[in-house]
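Student: I'm new to this one, and a whole structure is a lot to take in. Could you pick one part and walk me through it closely?

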Amino acid sequence: VLKLCADFPAVVATISGHSHVGGYAQDENGVHHINVEAPIECPPDSTAFATFLVFSDQIIINGRGVVPSRTLPFRTPNQLGKRPLLQ
């Protein structure tokens, strides 16, 4: 899956859920990998959810409860190289 993401520069992020503890990584190609925390792991009287605001240059995650807020900038066109978006 990582190679497939790397082969298409239009891929800027993958979002999955729900790993009980959540997770985040950015790979060597600049793709953000977000795994959203599970509500079942929340402390009593807490929560786990987020809204994702997707812009042309970044994703802003507004986390609530145990989900952290993040700003994830996309790779710039210069970082993408000359590869076509689709082959």
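Tutor: Let's start with C5, which counts as buried because its relative accessibility is 8%. Buried means under 20% relative accessible area, exposed means over 50%, and partly exposed lies in between, using a 1.4 Å probe and protein chains only. Before we go on, keep in mind that this is a predicted model, where local features need pLDDT of at least 70, side-chain atom pairs count only at pLDDT 80 or more, and totals for chains, interfaces and linings use all residues. Residues are numbered from 1 along each chain as its sequence is written, and side-chain values use heavy atoms, leaving out hydrogens and water.

C42 is buried too, at 15%. As for disulfides (cysteine sulfur atoms paired within 2.5 Å), the structure holds 0.

Strands (E, at least two residues) and helices (H or I, at least four) are DSSP runs, numbered from the N terminus.

Now zoom in on I34. Setting aside neighbours within four places in sequence, I34 is in contact with A13, T14, I15, S16, G23, Y24, F52, I61 and L72; contact means heavy atoms within 4.5 Å.

Follow that list to Y24, which sits in strand 2 (residues 23-26). Y24 is partly exposed, with a relative accessible area of 30%. Leaving out residues up to four places away in sequence, Y24 touches H32, H33, I34, R70 and L72. With H32, the side chain of Y24 makes a polar contact of 2.6 Å. That term means N or O atoms paired within 3.5 Å; within protein, one must be able to donate a hydrogen and the other to accept it, and residues adjacent in sequence count only if both atoms are side-chain atoms. Y24 and N35 are 11 residues apart in sequence, yet their C-alphas are 6.1 Å apart in space.

One last stop: the structure has 1 salt bridge, meaning a side-chain nitrogen of Lys or Arg within 4 Å of a carboxyl oxygen of Asp or Glu. D7 and K3 form it, with their closest N and O atoms 2.8 Å apart. They are separated by about one helical turn, because they lie 4 residues apart in helix 1 (residues 2-7). K3 is exposed at 59%, while D7 is partly exposed at 30%.
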